[in-house]
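Have the viewer open and follow the points in order.

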Amino acid sequence: MRIAQSVCWLSLALIFGSSASMAQVDPASPVPGGATAATVVCLQAGDLNSGAFVGTYVQGANGSWERKSFLKPEVTKFVEMKRDDISVELFDSARNLTVKFDFESKRTKFARSAEPDNWKDLAHILNASDKDGSADCVALAARSGAPGPAAGSGGGGKSPIINIFMRPGSKLDIPPGTRLTATSGPPCPGNPGFFLCPNKFTCAPDGGVCCPGAGACGGGTFCDRFINAACIGDGDARFCTGSGNPVTGVSLHCEPGKQCVTDLCLP
């Protein structure tokens, strides 16, 4: 924690243990941002497991849409195929699948062209704005997938860091089930080149990361959010290549039984 005048700055890389925390959505509440399926032009998506912001969909001209990933420098193009009062459907010709904004469940969904009615949950709808209210959403999309080395390459790619600003003495309420992943710490006694993890008995190598539970991952790999004290990285079909950030220890990867295709978890 760093104190500057009367404001404390705290940066946390948060990995949520289950969707029981911030990922819960109240079906009865309206989607934040004020837009409906009929008026949306910019939509922010959150990770299905943690709720953490992962990307933005922005409407362009002549029925075009772009999805800009927050985790890596990537833009996916869509064509709007259908829109009504409760949903919007976009077609991704490169992957031959359709993405739906479902305003009733407050989730984005996808379906393969071979199974057009077999919709599977993809992400949470965190915010949806119409043309008049889209300035902040579009500005956030401009930061998504910024040019430069991808996250995980050591070159400063984007990552889901949560910046919290508060006055000294303010209460910080972290939701139950939150797991903090350390990427640095005090030197590990008797182990040069290693640092001591928060559990005080596990050591991780420089460039590595401490995993929840008794475990640590070496440089280039990341804590598996679905398997306790396990590591994941390039070469694993569940890992989304280029999505890992060594500064925060956060990466995008899929639950067992699915594989990452670009940045979608598909069965």
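1. How many cavities of 30 Å³ or more does the count come to? The count comes to three. Bear in mind as you look that this is a predicted model.

2. Let's take the second largest cavity. About 40 Å³ of space lies inside it. Its lining is made up of Phe110, Ala111, Arg112, Glu115, Asn118, Lys120 and Pro267. If you sort those residues by class, you get three nonpolar, one polar and three charged ones.

3. Which strand gives the most to the lining of the second largest cavity? That is strand 10, with three residues.

4. On to charge pairs. Side chains of opposite charge can pair when their charged atoms come close. This structure holds eight salt bridges, and the next points walk through some of them.

5. Start with Arg107 and Asp121, whose side chains meet in a salt bridge at 2.4 Å from N to O.

6. Together with Lys109, they are linked in a network of salt bridges. If you are colouring residues by hand, pick out Arg107, Lys109 and Asp121 as one group.

7. Next, look at Arg83 and Glu80. They form a salt bridge in which the closest N and O atoms are 2.9 Å apart. Arg83 has a relative accessible area of 25%, which makes it partly exposed. Glu80 is partly exposed as well, with a value of 23%.

8. Finally, find Glu255 and Lys258. Their side chains meet in a salt bridge, with 3.2 Å from N to O. What is the relative accessible area of Glu255? For Glu255 the value is 24%, so this residue counts as partly exposed. Lys258 is likewise partly exposed, and its relative accessible area is 24%.

Key. Residues are numbered from 1 along each chain as its sequence is written. This is a predicted model: local features need pLDDT of at least 70, side-chain atom pairs count only at pLDDT 80 or more; totals for chains, interfaces and linings use all residues. Side-chain values use heavy atoms; hydrogens and water are left out. A salt bridge is a side-chain nitrogen of Lys or Arg within 4 Å of a carboxyl oxygen of Asp or Glu. Buried means under 20% relative accessible area, exposed over 50%, partly exposed in between (1.4 Å probe, protein chains only). On a 1 Å grid over the protein atoms alone, a cavity is a set of points where a 1.4 Å probe fits but cannot get out, and a pocket is an open set with protein on both sides within 12 Å along at least five of seven lines; lining residues have an atom within 4 Å of a point. Grid points are joined across faces, edges and corners, and a volume is the space filled by probe spheres set on the points. Helices (H or I, at least four residues) and strands (E, at least two) are DSSP runs, numbered from the N terminus. Ala, Val, Leu, Ile, Met, Phe, Trp, Tyr, Cys and Pro count as nonpolar, Asp, Glu, Lys and Arg as charged, and the others, Gly among them, as polar.
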